[in-house]
Amino acid sequence: MKEQLETLFNKQLALWNLAKQNYKALETVQEKQFTINGNCYKVQFNPARITSSAAKVDAKSIQERPCFLCRQNLSSEQIGLAFEQNYQILVNPFPIFQRHLTVPDKRHTDQRIAGRFIDMLNLADAATDYVIFYNGPHCGASAPDHMHFQAGNKGFLPLEDDWKKQKAEKLGNAAETTIWALNDEPRNTLVLESTNKTEAAKLFETVYEALKVALHTQPQEEPMMNLITWKEGRRWITCLFPRAKHRPSCYLAEGDKNLLISPASVDMGGVFITPLEKDFIKITAEEITTILQEVCIQPDDFQTLKTQLKAWL
Ligand SMILES: [Zn+2]
């Protein structure tokens, strides 16, 4: 898979001007960084991400636009690489990572993680140089109507190292899987660490149910979350970020208080994306803290989640 992915990138960067330009632009992208509660958060000024950050994801807007992940609407230059039965791997033409993939289902079907967490672990197993991520339908996915994962090269998200320093509490375990709560406020992260993907997928189902309770989720809805998974040696590491809210109040604020930031997995992993330069210049550690406090699970609900998991695991 490693060589196939490299070939896919080389072909796309040679043939597809939009991708070529946007990956080239990424080489000189501006970044700055802050430390919040011992964790590193970078800020990346990335104008090409405006479409995603400003995406209208209400039901009416979604219904009225052609779905950009359906095969018939892909750019004519775009090449797909099959993954398992249901997915195809595409180069993301609006990258945040030097290597950025989108992995949609072949069918136009809703963004849902139930029953698909194992697919994410399989993808991490196949693409070992990548972190795999999932944005819930109301947590940053710009196509909530078309199931997709994304992947980005390892060595970019501060979270890959930061989580190890923040292990606070073991919430439960099975033979080859442990579930941790991190002490990383204001983010409030759960981690599944496992050497057995079938077992990890089974425990994920329990976590999913506990999230529904803690986040007060309607029965037919998915509990709000972002997920990042990668393989480290024989272990799968999955960081789960329970979410209280889709977009922070600064997203809709008027005047000086406005910041066009729509947090998703990458931001939770420690890289905040600002498509507008004015936001990149003015954003502070305090504002990042406030954004995380608003969109991540509230402290009382995180406590409920931990108590529930300790009872069930
Ligand atoms: Zn579609």
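Q: Which strands do the buried residues of α10 pack against?
A: They pack against β1 (30-36), β2 (39-45) and β13 (271-274). Packing here rests on contacts: two residues are in contact if their C-beta atoms, placed from the backbone, lie within 7 Å. Helices (H or I, at least four residues) and strands (E, at least two) are DSSP runs, numbered from the N terminus. Keep in mind that this is a predicted model: local features need pLDDT of at least 70, side-chain atom pairs count only at pLDDT 80 or more, and totals for chains, interfaces and linings use all residues. Residue numbers start from 1 along each chain as its sequence is written.

Q: Which residues of α10 are called buried?
A: Ile288, Ile291, Leu292 and Val295, in a helix that covers residues 285-295. A residue is buried if 20 or more other C-beta atoms lie within 10 Å of its own, exposed if 12 or fewer, and partly exposed in between, with C-beta atoms placed from the backbone.

Q: Why are the buried residues of α10 said to line one face?
A: Look down the axis: they fall within an arc of 95°, so they sit on one face of the helix. That arc is taken over the directions from the helix axis to the C-beta atoms.

Q: What makes β1 and β13 edge strands?
A: The open sheet runs β1-β2-β13, with mixed pairing. Two strands pair if DSSP finds at least two bridges between them. β1 and β13 each have a single partner strand, so one side of each lacks a neighbour in the sheet. By contrast, β1 and β2 are joined by 7 bridges and run antiparallel; phenylalanine 34, for one, has tyrosine 41 in β2 as its bridge partner.

Q: What angle does α10 make with β1?
A: About 70°, with the helix packed on the sheet and touching β1, β2 and β13. The axes behind that are lines fitted to C-alpha atoms, for helices over the stretch in contact, and angles run from 0 to 180 degrees between N-to-C directions.

Q: Why does β4 count as paired with β5?
A: The rule asks for at least two bridges, and 2 bridges join β4 (residues 87-91) to β5 (residues 100-104), so the pair qualifies. Valine 91 and leucine 101 are bridge partners here.

Q: Which residues touch the most other members of the largest nonpolar core?
A: Met120, Leu123, Ile132, Ala151 and Val207, in a core of 81 residues. Such a core is a set of buried Ala, Val, Leu, Ile, Met, Phe, Trp, Tyr and Cys residues joined through C-beta atoms within 7 Å. Helix α7 (residues 197-214) gives the most, with 8 residues. Methionine 120, leaving aside neighbours within four places in sequence, is in contact with Ile132, Tyr134, Phe149, Leu227 and Thr229.
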